[in-house]
Amino acid sequence: MDYLGLSYLGVFLGAGLCLIGGAYGISKLASAALEGAARQPESAGALQTMMIIPAAMIEGLGLLALVSVLLAALALNAGVPVASKSASTGTEAPAAH
């Protein structure tokens, strides 16, 4: 319980690294496709078609990272006791002596 903040930090850092990797992959893919289209303009349509599937796979990686972060954050939240339930009802457990 003491390391809950570090757990959140680890989850979100991992997700951030996955998203940065996905963005880098898409940028490299687009860069290579644009360079190929600039060198051979007649093959631009074929390059665009070949670029769609890898771009979708890279975007799927980013979406998977976001879903895994959501699940991990919800799992971490499940372990946190809710303090507002006892405060809203006004009933507190008597102290044991």
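Q: In this predicted model, is E35 buried, partly exposed or exposed?
A: The relative accessibility of E35 is 42%. Buried means under 20% and exposed means over 50%, with partly exposed in between. At 42%, E35 therefore counts as partly exposed.

Q: Which residue does the side chain of E35 meet in a salt bridge?
A: Side chains of opposite charge can pair when their charged atoms come close. For E35 the distance in the salt bridge is 3.2 Å, N to O. A salt bridge needs a side-chain nitrogen of Lys or Arg within 4 Å of a carboxyl oxygen of Asp or Glu. The partner of E35 is R39.

Q: How many salt bridges does the count come to?
A: The side chains of R39 and E35 meet in a salt bridge. By the 4 Å rule, the count comes to 1.

Q: In which helix do R39 and E35 both lie?
A: R39 and E35 are 4 residues apart, about one turn of the helix. R39 counts as exposed, at 63% relative accessibility. Both residues lie in helix α1.

Q: What order do the elements of the protein chain run in, from the N terminus on?
A: The secondary structure comes to 3 helices and 0 strands. Read from the N terminus, the order is α-α-α.

Q: Are α1 and α2 roughly parallel or antiparallel?
A: Helix α2 covers residues 44-78, and its axis is 10 Å from that of α1. The two helices pack at an angle of about 175 degrees. Angles over 145 degrees count as roughly antiparallel, so α1 and α2 are roughly antiparallel.

Q: Is A65 buried or exposed?
A: A65 has its place in helix α2. Its C-alpha atom is separated by 9.7 Å from that of F12, 53 residues apart along the chain. Because its relative accessibility is 5%, A65 counts as buried.

Q: How far apart in space are G62 and G16, C-alpha to C-alpha?
A: G62 lies in helix α2 and is buried, with a relative accessible area of 11%. In sequence, G62 and G16 are 46 residues apart. In space, their C-alpha atoms are apart by 9.3 Å.

Q: What share of the 97 residues in the protein chain do buried residues make up?
A: Buried means under 20% relative accessible area. For the protein chain, the share of buried residues is 12%.

Q: What is the area of the nonpolar surface patch made by Y3, L6, L9 and L13?
A: One of these residues, L9, has its place in helix α1, residues 4-39. L9 is partly exposed, with a relative accessible area of 47%. The patch made by Y3, L6, L9 and L13 has an area of about 470 Å².

Notes. Residues numbered from 1 in each chain as written. Predicted model: local features only at pLDDT ≥ 70, side-chain atom pairs only at ≥ 80, totals over all residues. Heavy atoms only, no water. Patch = residues over 30% accessible without salt bridge, like charges linked within 9 Å, V, L, I, M, F, W, Y side chains within 5 Å. Areas by Shrake-Rupley, 256 points an atom, 1.4 Å probe, with all protein chains shown as cover. Buried < 20%, exposed > 50% of the residue type's maximum accessible area, 1.4 Å probe, protein only. Axes fitted to C-alpha atoms, helices over the stretch in contact; angles between N-to-C directions. Parallel < 35°, antiparallel > 145°, perpendicular 65-115°, else oblique.
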